[in-house]
Amino acid sequence: MSVLTLRLAGPLQSWGASARFTRRTTESAPTKSGVIGMLAAAAGIERGDDDRLAPLAALKFGVRIDQPGTRLRDFHTAHHGISGKSMPLSERFYLADAVFVAALEGDRTLLTTLHTALGTPVYTPFLGRRSCPPSLPIELSLHDEGALMDILRQVPWQASAWYRRQYPGRDHIELTVLREADEVEQHTADVQRDQPLSFAAEHRRHALRTRVSDPVRIPRPPARQLPRHDPFDALDEESA
Amino acid sequence: MFLTRFRVNTARPGARRLLSSPQAMHAAVMSSFPALLPTDTPTPDAPRVLWRLDQTARAEVMLYVVSPQQPDLTHLVEQAGWPAAAAASADPATPGWQSRPYSPFLDRLATGHRWAFRLTANPVHHARRKDGEPTKRTAHLTPLHQMGWLLERQEACGFRVLEKPDAQRLLPSGTTHTRQPHHGDRYELAVHDKRTLAFDKSRTAGAPIGRKPPVTLVIATFDGRLEVTDPRLLRRTLTQGIGKAKAYGCGLITLAPLGTAG
């Protein structure tokens, strides 16, 4: 099995799994439907094309919370662009300054196609809502061999420098991974309605999906250092 | 030509005064040349004194000076160095700073050699906001424009910045996603430590009373790898500097072996 990892980092993100009507909430981590939808958009799969969506939705999904971010509430007022009429008042929730690593496990050819599609996307990727652009390239790495959890234990910590500085001195950091349950855990796991069935514009459909939380310990990356540059290295030893 | 290195003792008030004002540092560097008089008119197109401050950690600040004559930094050691340690070493070769002849190295440069380089510069262009207005010197603010500024000059400076192998690039072949050529991610070149300097230029006698606007500069540090294309032009670049604000610690480019710079 191959694993594709994505870095979801941006000033704002919003991942709704149960958002309805004028209260648009966000989960604390990216949803499967949001990430699969983003990949499908990058690969140019149209909204109603459920046949091409099915292999993507069958991928195994997991997400690591590298930097949880803070929840932001927006009291949203908007007016219609042409008629000037006011739109319904709504409350929108965002995650500010969060960084996640999402991983998808599945067939190698499919993941290679998606990896290339992210480099030259057909529709621009966004973090859960069109108004939330990513601040760093989304594609992180493609691992030809490996299981989802093993890869999420290897990928370096992606949190921003200012966040990493708040946890100085430790050689390991413990992060949370939210992944789909195995057969054994099926009955004890949490469920969330974010397994995409159809992204058709007239009627989106989602099925229930299991979610298990696992801690992982990963080594801290060394602090970024300037490259060593000593012009004396190029000169002769004798001094003046 | 000589290349000189001096470590600044950042704990001393004298060092803080020098580090906080490029104007003061310039004066301190220029007064280390006993033969160079303030009334001397510089010959155009001749090697000149260039200096740069490299800060690699909070208390690790190095002053590099490239100069036609050998400098005497005694006054810098006294104000902003370790005078007791320099006196105790009792070795005339290490008087608190290191100075080495630069010319043998400059003469050895040959076409095709590859080096790592570092440059702190003041990348500017001349822009007008509307037609008919005189142009004004304006700083480049984004890393992309700052890189473009250096890449425009590389040929005239006698070197070529090396290109990255395709595997290390974010986008294929150094193009945008629409296949337009673009230097963004193409070269072995990084821009870091962009900073804005604002400092007062000391008032000359007889100038009207009142605060003059400070000198403001946007400077950035380039780290990268290059290949020598024209040793004669590169020698000129290494001894005469690149770009503006050479008196304020900009324009000095130094080379180091490729292996040592990560």
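Ala, Val, Leu, Ile, Met, Phe, Trp, Tyr, Cys and Pro count here as nonpolar, Asp, Glu, Lys and Arg as charged, and the others, Gly among them, as polar. With that sorting, the lining of the largest pocket divides into 13 nonpolar, eleven polar and twelve charged residues. The structure is a predicted model.

**Build of chain A**
- Chain A contains five helices and nine strands.
- Read from the N terminus, the order of these elements is β-β-α-α-β-β-β-α-β-α-α-β-β-β.
- Along the principal axes, the C-alpha atoms of chain A fill a box of roughly 80 × 50 × 35 Å.

**Interface of chain A and chain B**
- Four residue pairs are in polar contact between chain A and chain B, counting pairs with both residues at pLDDT 80 or more.
- Asp230(A) and Arg5(B) form a salt bridge, with their closest N and O atoms 2.7 Å apart.

**Largest pocket**
- The largest pocket holds about 1200 Å³ of space.
- Its lining has 36 residues, and those closest to the centre of the pocket are Arg47(A), Phe126(A), Gly128(A), Phe199(A) and Arg204(A).
- Three elements of chain A give two or more residues to the lining: α1 (32–43), β8 (190–198) and β9 (205–219).
- Helix α1(A) gives the most, with six residues.

**Salt bridges in the whole structure**
- Side chains of opposite charge can pair when their charged atoms come close.
- Over all chains, the search finds 26 salt bridges.
- One of them joins Glu180(A) and Arg209(A), whose closest N and O atoms are 3.7 Å apart.
- Glu180(A) lies in the loop between β7 (172–179) and β8 of chain A, while Arg209(A) lies in strand β9, so this pair ties together parts that are 29 residues apart in sequence.

How values were computed
Residues are numbered from 1 along each chain as its sequence is written. Chains are lettered from A and ligands numbered from 1 in the order in which they are written. This is a predicted model: local features need pLDDT of at least 70, side-chain atom pairs count only at pLDDT 80 or more; totals for chains, interfaces and linings use all residues. Side-chain values use heavy atoms; hydrogens and water are left out. A salt bridge is a side-chain nitrogen of Lys or Arg within 4 Å of a carboxyl oxygen of Asp or Glu. A polar contact is a pair of N or O atoms within 3.5 Å; within protein, one must be able to donate a hydrogen and the other to accept it, and residues adjacent in sequence count only if both atoms are side-chain atoms. On a 1 Å grid over the protein atoms alone, a cavity is a set of points where a 1.4 Å probe fits but cannot get out, and a pocket is an open set with protein on both sides within 12 Å along at least five of seven lines; lining residues have an atom within 4 Å of a point. Grid points are joined across faces, edges and corners, and a volume is the space filled by probe spheres set on the points. Helices (H or I, at least four residues) and strands (E, at least two) are DSSP runs, numbered from the N terminus.
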